[in-house]
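Could you walk me through this structure, with the cut-offs spelled out along the way? I would like to follow how its parts pack against one another.

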Amino acid sequence: MRYKIIICFVSVFTALTAAADGDLDGKIRVLLAGDSTVQDADHERTPDWGWGQVLPRFFDDGVEVLNIAGAGRSTRTFIEEGRWDSLLSMTRAGDYVFIQFGHNDPKEGNKYASPADYRRNLELFVDEVRERGANPVLVTPVTRRRFDDEGNVPFTHGVYPGVVRDVAEAKQVPLADLKTKSRRILMEHGVEDSKRIYLHLAPGENPIRPDGLADDTHFSEYGAMLMAGVIADFIRTEGLSPLDAHLTEP
């Protein structure tokens, strides 16, 4: 009897330890750090969609996506507001952490991070994710919808996407080049059809923006699905194991 009690205690202790470590569910976790183009948007307040909001549709039940991205955040404010510390507190060994900034870092004011500070912040993110035994993935910022007179899409965000590439190379981190891929998607859709990727709403189409909207930065649900699809394809082609084994068709 005493032997059985000891075995029972050990089994319960092991189960509780596993639950505390988050291993009991057996799921692979993806954590997202970024801005409004990534975030889970509140559709009672805004009609836009982040690609991170629809990313779970590309996985089976073996993957859990935790989206910590927030509208208007730069690497600087993500740190200053404690969002990065919050993400780290949830990060466990084996997780994947996708990091996409660059829309707001170039903006003057309290969001601004110089290219040098931007690089240091990205390096910090990579180092601290690795310290927890997790896997960082850097993502270049999504291209805004801009067409020149010849129907081409100029590159946006200045030097910041290049900084992401430099950090990825220096730190040997997987790089999802969403900037280049999203530009290609825009070019394939063309000037008019690309409007449905972003938030182009006619007056009366959406009660949140009854006067209509022409927004070439934030996504419609269709656009968010396209961008999340780019991330899913990247996971597959890069062979990010075991995450890639859980990809499905949305």
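Setting aside neighbours within four places in sequence, Leu243 is in contact (heavy atoms within 4.5 Å) with Ile28, Val30, Phe59, Val63, Tyr96, Phe98 and Ile235. Leu243 also belongs to the largest nonpolar core, which has 37 residues. A nonpolar core here is a set of buried Ala, Val, Leu, Ile, Met, Phe, Trp, Tyr and Cys residues joined through side-chain atoms within 4.5 Å. Buried means under 20% relative accessible area, exposed over 50%, and partly exposed in between, with a 1.4 Å probe and protein chains only. Val30, Trp51, Phe98, Ile231, Ile235 and Leu243 touch the most other members of this core.

Which elements supply at least two residues each of this core? They are strands E1 (28–34), E2 (63–67), E3 (96–100) and E4 (135–139), together with helices H2, H7 (178–193) and H8 (221–238). H8 gives the most, with eight residues. Another core, of 24 residues, lies apart from this one and has Ile68, Phe78, Leu87 and Val173 among its members. In soluble globular proteins, nonpolar side chains tend to be buried together.

Now for the rings. Rings of Phe, Tyr and Trp (its six-membered ring) pair if their centres lie within 6.5 Å; planes under 30 degrees apart count as stacked, over 60 as edge-to-face and the rest as tilted. A search of the whole structure gives five aromatic pairs. One of them joins Trp84 and Phe125, a tilted pair at 4.1 Å centre to centre with 35° between the planes. Trp84 sits in helix H4 (residues 83–90) and Phe125 in helix H5 (residues 115–131), so this pair links distant parts of the chain, 41 residues apart. Both residues are buried. The pair of Tyr198 and Phe219 is tilted too, because the centres are 5.3 Å apart and the planes stand at 40°. Tyr198 lies in strand E6 (residues 198–201) and Phe219 in strand E7 (residues 213–219), so the pair ties together parts that are 21 residues apart in sequence. Tyr198 and Phe219 are buried. Phe78, Trp84, Phe101 and Phe125 form one aromatic cluster.

Arg183 is over Phe155 at 4.5 Å from the ring centre, and Arg196 is over Tyr222 at 4.1 Å.

Stepping back, the chain comes to eight helices and seven strands. These are DSSP runs numbered from the N terminus: helices are H or I with at least four residues, strands E with at least two. Of the 250 residues, 47% count as buried.

How far can you trust the coordinates? The mean pLDDT (the predictor's confidence in each residue, from 0 to 100) is 90, and 90% of residues reach 70 or more. Over residues 1–24 the pLDDT is below 50, and this stretch has seven contacts beyond near neighbours in sequence. Where pLDDT is low, the predicted coordinates should not be read in detail.

Residues are numbered from 1 along each chain as its sequence is written, and side-chain values use heavy atoms, with hydrogens and water left out. In this predicted model, local features need pLDDT of at least 70 and side-chain atom pairs count only at pLDDT 80 or more, while totals for chains, interfaces and linings use all residues.

Key: A charge sits over a ring if NZ of Lys or CZ of Arg is within 6 Å of the ring centre and within 35 degrees of the ring normal.
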